[in-house]
Structure formats: C-alpha cells, structure tokens
Amino acid sequence: MEQSQEKPKRLGIKRVSADNWWQVDEAWRGTIMCSDPYRKDQLNGWVEGICQVQLDAVVPDEIHKLFEVARGAYVYSLPFYPLLTLGAEQLFRVMEAAVALHYKNCAGPDHPRKFKGRIDWLLEHAKITSDLHARIDKAREMRNMVSHPSQQSIYNPAMALQILDSTAEILNQLFAQPVQKIGQD
C-alpha cells in the first residue's frame, strides 16, 4: 500500500480519489486562468475564456461534436490537469476528421486515404490555400507525434490555448467556402 501512495508523487500528477476528484488540481497553483489577473473568480474566468472559442455555423455538426468533446476536456482539466493536454491532443485528431470530411465533400479520390495525401490533394485542386495547407500540415505532424507517445506530455495553458484557438480558426476557414466538386462549373 505504501508504494501506491508514493508512485503518484514520482509521476508528477494528481492521483484522483473519491475525496479529491472535484478539487482543483494543484498543478494549476499560481496560474493566471483568465485575461484579468485580478479577477477574484479565476476558475469561472478560465471556463468563460474556453467557451468563447467557437466554431462557425458552417462547420458540420459531426466536427462540431468532436471539437466540443476536446474543448470540454480543457474545462474539466481544472480537477485533473492532464486533461488539458489530452484535450489539445484530441484537437489534432479533430483536424484530421475535418480534413477527411472536407476531402470527401470535394469528391476527392479514394486512393489518398492518409491525412497528408488528403491535404496535398486539397491544395493541388485549389480547395485550400497554401497557408491553410501549411497550418494543417503542422497539425498533422503534431497529431503523428502525440498519437505514438513514449511518455505522457503535459502542455502548459498557453500552449493548449494556442492549439484551441488555432484549431477553431483552421476549422472555420476550412469550411468557410462553398464546396465545388471537381468537374462542376
């Protein structure tokens, strides 16, 4: 029994229990959680800030749902800090799902079934800009790294918030233009 209580200290993460599951994780101590460092209720400030990041109505519902689950992990990282990283990492997979759907909507051929092949095809067929391609390709690289970890990553709030904001921007941009399938005039 003694060893199991010591292990979480070595791992550097909170050990969730029935007594502490809803308490703010100690990892948040000292973190300014909203844009107003003098705000008395920093926790609500964190949640309000996360909830301000929105997808546009043109983003398909299935992608919205995936995004909301990842965004929810950000909010619920308050009692378990590692959920912040899991939420951010999930956003890379949301990006992949969004690209796959956009690719399908653009009548992309069946053969490029991989993330890179799809974004390259979308660029070659003028379905995304070179800037958007570069941003999505960077997310693809990150997705590859986080999907095959050798150890648990822990992102700081600034990193995670940048990923959340960037993902929302990219998804909004990806679905902003009406889709014209290849061969249509």
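Helices here are DSSP runs of H or I with at least four residues, numbered from the N terminus. With that in hand, welcome to a short tour of this predicted model.

**Two loop alanines**

A107 sits in the loop between α4 and α5, and A126 is found in the loop between α5 and α6 (130-147). Each deserves a look at its backbone. A107 has a phi near 60°, a positive value in a residue other than glycine. For A126, phi is also positive, at about 55°, although A126 is not a glycine. How exposed are they? A107 counts as partly exposed because its relative accessibility is 40%, while A126, at 66%, counts as exposed.

**Helix α7 and its neighbours**

Helix α7 (residues 157-174) packs against helix α4 (residues 82-105), and its axis also comes within 12 Å of that of helix α3 (residues 61-75). The geometry of the two pairs is set out here.

| Pair | Axis separation | Angle |
|---|---|---|
| α4 and α7 | 9 Å | about 15° |
| α3 and α7 | within 12 Å | roughly 170° |

Which way do the helices run? An angle under 35 degrees counts as roughly parallel, so α4 and α7 are roughly parallel to each other. For the other pair, the axes cross at roughly 170°, and α3 is therefore roughly antiparallel to α7. The residues making this contact include I63, F67, R71 and Y74 of α3, with A160, L161 and L164 among those of α7. The crossing of α4 and α7 is left-handed, and α3 likewise passes α7 in a left-handed crossing. Between α4 and α7, the meeting residues include L84, L91, F92 and V99 on the α4 side and P157, I163, I170 and L174 on the α7 side.

**Two buried arginines**

R71 belongs to helix α3. Its relative accessible area is 9%, so R71 is buried. Leaving out residues up to four places away in sequence, R71 touches I50, C51, Q52, V53, Q54 and L164. R71 and L91 are 20 residues apart in sequence, and their C-alpha atoms are 8.3 Å apart in space.

R118 lies in helix α5 (residues 115-124). What is the nearest side chain of opposite charge to R118, and how far away is it? That side chain is E96, 5.2 Å away. A salt bridge needs a side-chain nitrogen of Lys or Arg within 4 Å of a carboxyl oxygen of Asp or Glu, and R118 has none, yet is buried. Not counting residues up to four places away in sequence, R118 touches V99, A100, Y103, P112 and R113.

Key:
Residues numbered from 1 in each chain as written. Predicted model: local features only at pLDDT ≥ 70, side-chain atom pairs only at ≥ 80, totals over all residues. Heavy atoms only, no water. Buried < 20%, exposed > 50% of the residue type's maximum accessible area, 1.4 Å probe, protein only. Lys, Arg positive; Asp, Glu negative; His and termini not counted. Contact = heavy atoms within 4.5 Å. Axes fitted to C-alpha atoms, helices over the stretch in contact; angles between N-to-C directions. Parallel < 35°, antiparallel > 145°, perpendicular 65-115°, else oblique. Left-handed = near helix turned anticlockwise from the far one by under 90°.
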